[in-house]
Structure formats: structure tokens, C-alpha cells
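Visitor: Could you walk me through this model? I'd like to start with how its parts meet.

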Amino acid sequence: MTAAPRTQPPPATTLSQDDARRLALRAQGLLGAPDRRAGVRGVLRHLGAVQLDTISVLARSHELVPYARLGAVGRDAVDAAYWTGGHSFEYWSHAACLLPIGEWPHFAFRRRAYRAKGHRWHIMADAERSCAAVLDRLKADGPLTTTELGGGRKGGEWWDWSETKIAVEFLLDTGQVVCTERRGWKRVYDLAERAVPDALLHDDLDDAECLRRLVAQAGAAMGVATRADLADYHRLKGEQVDAVIEGSGLVPVEVEGWGKPAWADPAALAAPPRGRHRTTLLSPFDSLVWDRPRTERIFGFTHRLEAYVPRPKRIHGYFAMPLLSGGRLMGRADPAREGTALVARQVSMRGAKAVRPMAQALHEAAAWVGCDSVRLERCDDAKLAEALRAELTHMSDQAD
């Protein structure tokens with residue numbers, strides 16, 4: 001009896017580097033007409049995660065993300081979209097992130113891992129008593145901040161937490177409490193059973209299904225990605241990606257110049273990316289650029305957050321924001337605010353073609369945050385600095 005011939009898998013689609021770049025931009029909502037009707041919540045659902053950070057220069061990072069995609073959305077409207085109506089929650093994804101409430105079941109694997117570990121890095125003196133006391137307070141008094149719970153920091157350092165703060169953060173890690181709101185940048189904790197819709201709260205997926213859904217979501221949010229890219233989006237392990245990639249719905253592709261296997265969202269491949277590119281400054285924590293190796297591979301652009309670098313060693317500035325224009329990263333600007341002026345403390349640009357986009361991005365950002373002028377302090381190229389100042393003056397005169 002002759003053995004049936006073995007079926008060979010179809011050959012992988014080959015993409016050029018430009019194809020991959022455009023797929024990534026569209027997947028991230030930065031190519032094509034923005035869906036303004038879906039608004040800020042639509043951006044969050046589309047990206048799957050918006051990173052939070054304490055740094056506020058031009059604005060906080062979670063505000064900059066929808067601004068980059070939608071334009072001048074009111075900052076109060078951004079916060080209201082995130083923090084009212086129970087549409088999102090905070091949890092550990094790429095880092096501390098805002099996540100659509102519909103993703104609550106997907107992180108059951110991480111909550112179980114925290115429960116199995118018993119702690120993160122802080123150790124409680126009496127874990128059972130402290131956690132029970134926090135749960136009793138929340139049950140009796142409703143959503144509360146750490147201060148309202150009677151905790152906080154014992155000293156001035158972030159790691160010097162009180163027993164109450166340690167307990168409520170452990171309960172957040174393990175899913176017994178949830179944060180769906182902030183007041184004055186303080187987390188407001190509530191019982192998960194009260195804050196998470198019942199159908200989501202009890203949709204207790206096994207680890208494999210959690211990972212499969214997160215890998216599929218990451219692939220859709222990136223358009224095309226390597227194994228390392230897929231792992232980094234929600235901070236999974238490479239072997240976790242390997243275990244579920246076949247069932248994720250993503251399809252294997254080859255990208256010229258990448259030298260590594262990649263996978264793409266089939267829906268993205270089915271409709272070639274077209275439309276208008278955004279010109280905007282990006283938060284360093286924006287999901288388009290938060291993975292530095294991927295950013296360098298796709299855009300040929302090396303970026304580093306220098307907020308924690310000693311001032312004398314900084315090259316591009318405290319909170320240098322990449323400039324996106326024409327689907328490429330064309331420079332960076334380190335912004336600050338002095339009264340009603342937006343100050344570009346340090347600017348670098350990739351040639352004369354970046355001057356007008358940089359001026360446009362600075363001018364629009366200034367208007368968004370309520371500044372009425374833009375001032376350039378330093379630029380690493382004297383000729384480009386002169387051209388940028390002239391362009392900024394021209395835009396200011398036109399606005400008047």
C-alpha cells in the first residue's frame with residue numbers, strides 16, 4: 001500500500017520592509033483616517049493596552065497616545081473616557097497599562113501566577129490579616145484610594161510601602177480587587193466582584209487560552225511581528241508564544257531584511273494599507289515605539305528614554321518624543337512648558353525634509369495643551385535650527 005503524500009504547508013508570504021512598516025502603522029492606528037466616532041475608547045480597544053507612566057511633560061503618556069491618533073481630543077475627555085463607565089482597568093501587561101475591560105479574562109493566567117507565588121517583591125508581616133482588613137473596608141465603604149484605606153508609604157521611597165499598601169497591591173495582582181479609576185493620579189481600588197461585569201469575572205480561561213488570545217491580540221495590534229515582538233507586547237515568555245502561535249490565527253510571513261520568522265494578521269494582509277499618515281510627536285511609551293529593537297528594525301531609528309539618565313549624559317533630552325511623519329520617524333523633540341509657551345529644549349531632525357513636519361507637530365501640540373507660542377532652545381544642526389525657527393514663525397503668523 002502506497003503511503004499518502006505528506007501535505008506541505010503553503011509558502012510564507014514575503015513582505016518588503018516598506019510593506020511591514022505600513023502594516024505596523026495601520027495596525028497601530030497611525031495610517032488611514034482615524035475612527036473619531038470610536039474615540040479614545042476605540043483607540044484603547046484597538047491597541048489592547050495603553051501604558052501608564054508618572055512622567056508628565058507635555059502631557060501624561062496615556063493622554064499622548066490617543067492624541068497621536070485622533071488629534072486634539074480634549075484632555076478632560078481623554079481621562080473621562082478612560083476612568084468612567086467601567087470601560088477599562090489597570091493591570092500588568094507591557095508594563096502598568098490601561099486595558100479594555102473585555103480583556104479581564106485574558107490575564108487570568110497572570111493572576112494565578114501571582115497567587116501561586118504569594119507575593120511580588122514586598123513581603124507582608126501578616127498577609128492573611130492585612131488582606132482581609134482591606135477587603136472588609138472596600139466591602140463596607142466602597143472604592144477607596146490607598147490613603148483612604150489608611151496606607152501609603154512609610155518613608156519617602158517607592159519601595160517603603162505600608163502593610164496596607166502591600167496588601168491592596170497584592171490583591172490587585174491576584175484579581176481580588178481592581179482599579180478602574182484614578183483620582184488625582186491615585187489608584188482607586190474596588191472589589192473585583194463589584195467592578196468587573198459578572199460574565200467577564202467568571203470567564204475563567206485556562207492558561208493556554210489566555211496566552212492564545214493575547215498573542216492573537218498582539219499580532220493584530222502590530223500587523224506583523226516576530227516571536228520576540230509578540231512576546232514583548234504583553235510581556236510574555238518566548239516559549240509561551242511558541243506554545244500557542246499555531247492556534248492564534250496569525251499566519252507565517254517573511255520580511256525582507258528581518259532575518260527572523262514573522263507572523264502577520266491575515267486581515268491586515270487582505271487589505272493593503274492606504275490612507276493619510278499622521279504627523280505627530282509620539283510618547284516614548286507609545287506602543288508603536290515602546291519596543292526599542294522592533295522600532296530600530298522597522299524604522300531604522302534608535303531611541304532611548306533618557307529621563308533616568310544623569311543630565312550631563314543626556315543626548316536628546318529628558319523626555320525626547322519621536323517625530324512621526326509620512327510613515328517614518330524623522331527626528332525627536334524634548335518638550336517643556338514655561339507659562340503659555342511650549343519650549344523645544346532639544347531637537348534633532350533627519351535632514352531638511354523633517355523641518356516642516358517638526359514645526360507642524362510642535363505647533364499642533366502647543367495648541368492642544370493650551371500654549372500660545374513655541375520656542376526652540378537647541379538643535380543639533382545650526383542650519384536646520386534656523387529653518388525650523390522660520391517655519392515656526394510662519395505658522396504662528398498664519399494662526400494670528
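This is a predicted model: local features need pLDDT of at least 70, side-chain atom pairs count only at pLDDT 80 or more; totals for chains, interfaces and linings use all residues.

Guide: Residues are numbered from 1 along each chain as its sequence is written, and side-chain values use heavy atoms, with hydrogens and water left out.

Visitor: Where are domain 1 and domain 2 in the chain?

Guide: Domain 1 covers 11-297 and domain 2 covers 327-399, with bounds that come from an automatic or database domain assignment. The contact, meaning heavy atoms within 4.5 Å, takes 20 residues from domain 1 and 17 residues from domain 2.

Visitor: And how many salt bridges are there between domain 1 and domain 2?

Guide: The count there is 1 salt bridge, where the term means a side-chain nitrogen of Lys or Arg within 4 Å of a carboxyl oxygen of Asp or Glu. Arginine 328 forms a salt bridge with aspartate 18, and their closest N and O atoms are 3.6 Å apart.

Visitor: Which elements on the domain 1 side touch domain 2?

Guide: Those giving two or more residues are α1 (17-27), α3 (61-70) and β10 (280-281); helices (H or I, at least four residues) and strands (E, at least two) are DSSP runs, numbered from the N terminus.

Visitor: Switching topic, how many helices and strands does the protein chain have?

Guide: The protein chain has 17 helices and 14 strands. Its C-alpha atoms fill a box of roughly 80 × 65 × 40 Å, taken along the principal axes.

Visitor: How far apart are the centres of domain 1 and domain 2?

Guide: Taken over C-alpha atoms, the two centres are separated by 31 Å.
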